[in-house]
Amino acid sequence: MADVTLRGVRRAVGETVIIDDLTLDIRDGEFLTLLGPSGCGKTTLLRMLAGFESVAAGEIRFDGALMSAPEHHVPPEDRRVGMVFQSYALWPHLDVGGNVGYALRVRGLGPAARTARIAEALETVGLPGFERRRIDSLSGGQRQRVALARCLAMQPRLVLLDEPLANLDAHLREVMVDEFRRFHEASGATMVYVTHDQAEAMALADRVAVMEGGRLEQIAPPRELYRAPESEMVARFVGHGQLVPVEVMGAEDGLLRVWIFGRMARLRGRPDTPPGPALACLRTGDLAFAEGGDGIAAEVVGQRYEGPSTRVRVAPRAAPDCALSLNMAGPPPEIGAPLALSVHDGWVLPGATRPQAAAAPPASATRGGTALRG
Amino acid sequence: MAQAAATWVRRGRIGAEGWLLAALGLYVLGLCVWPLLRLLATVFADGVPEGISFIGSVWASDAARTATYNTIEASLWATLLSVLLGGAVACALALTDLRFKAVLAFLLILPLLIPPQISALAWLSMIGPQSPLWMLPGGEALQPRGNPLLGRAGVILVMGIEHAPMVFLAMRAALRALPADLIDAARAGGSRPMGAVGGVVVPLMLPALAAGGLLAFVSAIGNFGVPALLGIPGRYPVLSTLIYQRLSGFGPTALAEVSALALILAVIALAGITAQMLLLRRYAVTSDSIAGAHRGFALGRWFWPASAGIWALMLLIAVLPLMALAGAALVPSVGVRLRLETLTFGNLAYVVTGLGSAQRAFTNSLLLAGSAAALTMAVSVPLAWLIVSRRSRLARALNAAADAPYVLPGIVLSIAMILTFLPPLPGLGISLYNTFWILLLAYLARFLALGLRLVVTALAQLDRAAEEAAQMAGAGPLFRLRTVVLPMMAPAVGAGALLVFLGAFSELTVSALLWSRGNETLGVVIFSLYDEGNSTAAAAVSVWVLIVVLVLSFAISLLARRLPRGVLPWQT
């Protein structure tokens with residue numbers, strides 16, 4: 001168990017900056033996921049924690065002890081950090097017991113103590129009695145569990161997981177997500193989990209750190225991340241948020257009054273959000289067809305049948321380029337059909353204004369509204 | 001406290017790795033680089049202009065000029081033959097629905113596995129006046145008086161066939177990397193199979209064909225076994241045989257002259273090597289297609305004629321010469337026809353029980369090949385690990401240096417070894433020349449690249465995470481090497497050892513100048529027996545060598561299933 005602090009950490013290869021001035025605290029016993037698109041630096045960050053990559057600036061400390069700094073680098077073998085690799089990296093020339101007990105052998109533990117610890121670790125991952133099995137006789141899920149057991153047996157102070165479910169099929173992945181959760185609760189180990197799959201990240205983590213371009217975009221518990229993204233990137237990447245230009249008019253009862261496509265709506269947002277142009281993040285579920293035609297005037301531009309519902313794309317009359325998606329059950333409207341939209345919920349991004357794409361001024365918005373009425 | 005200890009341990013480990021690198025560096029530099037530098041130093045001892053004018057004076061002799069001309073001429077023609085044969089068979093196997101392709105491929109690769117002097121002997125037996133071929137009905141009229149293979153034509157023919165597998169392998173690798181959809185796209189565009197081959201396959205294959213051809217050319221430049229057995233008696237001298245004859249005729253007094261000749265030979269070879277490297281770098285096959293290799297056009301009504309043709313060709317170049325060689329070993333003496341009543345196993349028994357030089361050669365070659373294989377692999381594994389896993393820049397430079405004695409003609413290496421080890425060793429006061437040890441050192445230098453390349457390729461394909469996982473478990477570099485890297489590399493190490501053994505077991509080119517009485521090797525004994533006119537005994541020793549070579553090749557192909565792709569030079 002350890003708490004991990006990163007202060008101003010930077011890594012560059014040649015001119016390319018991979019990790020840029022990153023500061024992050026991982027609490028003792030926390031399950032943190034690093035989420036981001038490929039190439040965002042999340043795997044590099046994980047490998048820096050493991051000690052496979054050095055830092056060009058800043059420092060990494062475990063429980064206050066310096067691990068990485070430009071002039072100081074504790075090699076991976078001295079960090080007592082466990083890692084579960086995407087490829088599992090099980091050694092085919094050793095049996096399951098040999099794999100799980102390797103770290104104990106390195107530490108010179110006696111055979112009896114070793115056997116006990118191996119059995120215990122295999123028990124924890126649900127593979128009791130698998131000691132003598134060959135690696136190539138195991139299924140993907142079993143290999144995953146052996147990799148986890150190998151990591152457990154060394155009693156690491158920090159467990160790093162590098163997309164460990166990427167090679168499993170969808171069903172097994174769901175099972176393993178629950179397993180990881182359970183395993184984390186049982187062991188209390190500090191875990192850092194890298195993934196590009198947001199569903200996995202949301203399901204597992206105490207906190208999710210979203211990365212982009214070597215920087216930390218936001219770090220927050222999953223619900224907060226989804227409900228209140230702080231940047232455009234997080235809004236788009238997590239839950240496919242749709243960003244629309246709005247005009248903030250003022251705060252009221254803990255909500256913000258905003259102009260949106262020529263209508264007034266009340267959305268969530270920081271109370272200190274200044275009036276003026278801003279961006280709002282709308283989820284597909286935040287939108288609905290307005291009963292009685294009283295709402296934002298729009299036109300159907302596309303549809304895609306997805307089984308439980310149909311995803312309908314609509315273009316508001318006020319801003320035809322800013323198409324929105326929403327789900328509907330039942331027979332979809334025809335393309336080109338006029339309709340009205342209502343907005344139930346939404347989040348105004350703090351400080352993420354784009355002047356050039358700012359909300360249409362109220363005057364023109366009103367015109368849009370007039371067009372609907374007319 | 002713990003942190004201080006960790007830092008201390010880390011320093012200790014870097015030290016261990018540093019010592020390892022230093023020891024390996026000493027080994028590679030001492031064996032592979034130093035002798036070649038000695039060769040340069042000998043020629044340019046009095047300065048560069050003097051060295052050049054000395055090479056000029058050696059070059060001025062008719063013998064040197066004729067040999068150089070012959071070397072280039074024979075190599076060019078042999079290369080043309082290799083390209084035609086290897087390229088055509090590779091295309092036939094990759095692009096048609098011929099059957100038993102694996103067997104055909106093995107037969108074409110066979111000449112590469114057989115030592116050149118044995119190939120030469122086999123071809124002599126097949127075409128010579130005593131060949132069983134002429135006993136076939138109607139063969140009597142074709143029976144030659146002398147042996148038509150002695151001389152230029154024979155050197156070109158046998159070298160051409162011997163090196164055809166290099167072109168074949170280069171072509172086959174490229175054809176396999178050629179995605180089927182490129183050919184399918186040509187067909188969809190309306191071209192017939194031959195049109196697609198001419199318009200798409202051939203242009204895309206030209207770099208591979210040229211690279212394979214250059215490899216064959218460099219091998220032909222350095223070949224000694226074939227011109228020694230066919231060219232010397234046929235009065236067709238090439239550079240390698242000229243160097244051999246000068247040095248064995250005049251002894252160490254000729255060292256200065258043969259050093260200059262060796263340098264000329266090395267320069268010709270280097271030109272070929274450089275051209276090949278440039279070509280490979282420029283035309284490295286890259287493809288963005290995920291389609292597999294083409295499954296082959298249906299030959300239709302041409303299936304049977306084509307099958308008959310290719311099997312007859314393979315029989316002629318791979319099977320019949322070896323049968324003729326066996327036949328030559330089974331007659332009581334030269335000139336006796338092989339019949340049921342003349343057939344005897346006496347020669348085969350004699351060379352292993354009664355012939356002193358051959359007996360010694362068996363022992364020596366087994367010892368030399370065995371120790372060369374073991375030592376080479378013992379050096380290759382840690383060196384490959386430093387190159388691949390630790391990405392040591394210095395180790396990578398050593399990798400390149402280890403290539404030099406392997407790609408340069410063997411005769412150049414043996415001159416370099418003589419120059420280095422003829423003078424008494426500093427501090428010990430003894431010379432290794434005329435001993436068993438100079439042979440071993442030369443083999444170690446010659447075959448390091450063979451073992452090292454294989455281990456490097458195999459290691460590069462290992463999942464790096466396998467070692468990183470061991471690192472996470474707290475294992476230091478040497479512990480990881482022993483418990484994770486080495487066990488996972490075991491099949492590749494085994495294959496590498498067999499490959500080095502195979503090369504060293506019947507080595508002739510390097511040994512021809514380094515052997516001494518009591519330290520004969522099998523390659524040398526075959527050559528000497530033949531030279532003395534005792535072809536039956538030469539054939540008998542060859543048959544024994546062939547048996548070992550074939551058994552070892554079989555052992556390697558058994559290992560091949562456990563090796564990563566592309567590790568073995570001829571892997572299917």
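Predicted model: local features only at pLDDT ≥ 70, side-chain atom pairs only at ≥ 80, totals over all residues.

Residues are numbered from 1 along each chain as its sequence is written, chains are lettered from A and ligands numbered from 1 in the order in which they are written, and side-chain values use heavy atoms, with hydrogens and water left out.

**Interface of chain A and chain B**

- The contact (heavy atoms within 4.5 Å) takes 26 residues from chain A and 24 residues from chain B.
- The two chains bury about 2200 Å² between them, 61% of it on carbon and sulfur atoms, where buried area is the accessible area (1.4 Å probe) that two parts lose on being put together, summed over both.
- Across this interface there are 2 salt bridges, a salt bridge being a side-chain nitrogen of Lys or Arg within 4 Å of a carboxyl oxygen of Asp or Glu.
- E77(A) forms a salt bridge with R480(B), with the closest N and O atoms 3.5 Å apart.

- Over all chains, the whole structure holds 35 salt bridges.
- R11(A), R47(A), E53(A), R464(B) and E468(B) are linked in a network of salt bridges.
- E306(A) pairs with R304(A) in a salt bridge at 2.6 Å; E306(A) counts as partly exposed at 34% relative accessibility, as does R304(A) at 49% (buried means under 20% relative accessible area, exposed over 50%, partly exposed in between, with a 1.4 Å probe and protein chains only).
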